Amino acid sequence: MSVVQEDIKTIVAETLAEHHRLQREEIDAVVLRAIVTILTSFGIEEEDRKELRADFQHLRRWRKSVEQAQSYTFKAVITVIATGLVGAVWLGIKVMLGK
């Protein structure tokens, strides 16, 4: 391959890479504008990002604590039912042996 062909390939590759980078920047700008527009339509200004982040973190912590409480409640209910059944069986055995 000649030096000219190598130079042409290099120039084409650099041009395509630059074109791709510019397209990516344009897409990022459009997405950012869309997000800002949506948040603004909900009454959330761009300056409220830190507060919004804190709100979402609080909601996540709340959801996880509720899920944990539900898990503990389920385990407690199962334990009470199992204890009741064992107690009933035990009383039945005592009654049978007592006769």
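Glu-18 and Arg-21 lie three residues apart in helix 1, so about one helical turn separates them. Helices here are DSSP runs of H or I with at least four residues, numbered from the N terminus. The model is predicted: local features need pLDDT of at least 70 and side-chain atom pairs pLDDT 80 or more, whereas totals for chains, interfaces and linings use all residues. Residues are numbered from 1 along each chain as its sequence is written, and side-chain values use heavy atoms, without hydrogens and water.

Glu-18 and Arg-21 form a salt bridge, with the closest N and O atoms 2.5 Å apart; the criterion is a side-chain nitrogen of Lys or Arg within 4 Å of a carboxyl oxygen of Asp or Glu. Arg-21 also meets Glu-25 in a salt bridge (2.4 Å, N to O), and these two residues are four apart in helix 1. Arg-21 is partly exposed, at 37% relative accessibility, and Glu-25 likewise counts as partly exposed, at 41%. Partly exposed lies between buried (under 20% relative accessible area) and exposed (over 50%), with a 1.4 Å probe and protein chains only.

In helix 2 (residues 49-98), Glu-67 and Arg-63 are four residues apart, about one helical turn. Their closest N and O atoms are 3.1 Å apart in a salt bridge. The count of salt bridges comes to three.

Overall, the protein has two helices and zero strands. Its C-alpha trace spans about 110 × 50 × 15 Å along the principal axes. Of the 99 residues, 1% count as buried.
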